Amino acid sequence: MAAITATVGTSSAAAAPLGATGTAPTCVTGWVSKGTLTQTGHARNDCNYNVRVKIVWAFGADGACHSLGKGGHLTSKVPIQPRRFDGINNC
């Protein structure tokens, strides 16, 4: 089961931004950071308005839907295998 938290800040692991893939506005940035056993999907609202988004994972359940204000940050942690970060969707 995926653990989801709304946080402020960034992960200490290096990760390249993917941009908003899926149905989220292009002003929502998504990226993934990988550890040894888990990976964390991130979404940051760079829009000038609130958004409702979720982190999308392949091969299992997506993250829960959350409202993010301007500058808000959302994370969702899942096992490395067999999951794959598929982006950020509106919800």
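**View 1. Bonded cysteines in sequence order pair up as 1-2, 3-4.** There are two disulfides here, a disulfide being a pair of cysteine sulfur atoms within 2.5 Å. This is a predicted model, where local features need pLDDT of at least 70 and side-chain atom pairs count only at pLDDT 80 or more, while totals for chains, interfaces and linings use all residues. Residues are numbered from 1 along each chain as its sequence is written, and side-chain values use heavy atoms, leaving out hydrogens and water.

**View 2. Cysteine 27 bonds to cysteine 47, with the sulfurs 1.9 Å apart.** The link is right-handed, with 90 degrees about the S-S bond. Cysteine 27 sits in the loop between strands S1 (3-7) and S2 (28-34), and cysteine 47 in the loop between S3 (38-45) and S4 (51-58), so the pair ties together parts 20 residues apart in sequence. Strands are DSSP runs of E, at least two residues, numbered from the N terminus. Cysteine 47 is buried at 1% relative accessible area, but cysteine 27 is partly exposed at 22% (buried is under 20%, exposed over 50%, partly exposed in between; 1.4 Å probe, protein chains only).

**View 3. Cysteine 65 and cysteine 91 make a disulfide, sulfurs 1.8 Å apart.** Its S-S torsion is about 85 degrees, so this one is right-handed. Cysteine 65 is partly exposed at 28%, and cysteine 91 is partly exposed at 41%.

**View 4. Arginine 83 lies in the loop between strands S6 (73-79) and S7 (84-90).** The side chain of arginine 83 reaches the backbone oxygen of alanine 61 at 2.6 Å.

Terms used:
Helices (H or I, at least four residues) and strands (E, at least two) are DSSP runs, numbered from the N terminus. A polar contact is a pair of N or O atoms within 3.5 Å; within protein, one must be able to donate a hydrogen and the other to accept it, and residues adjacent in sequence count only if both atoms are side-chain atoms.
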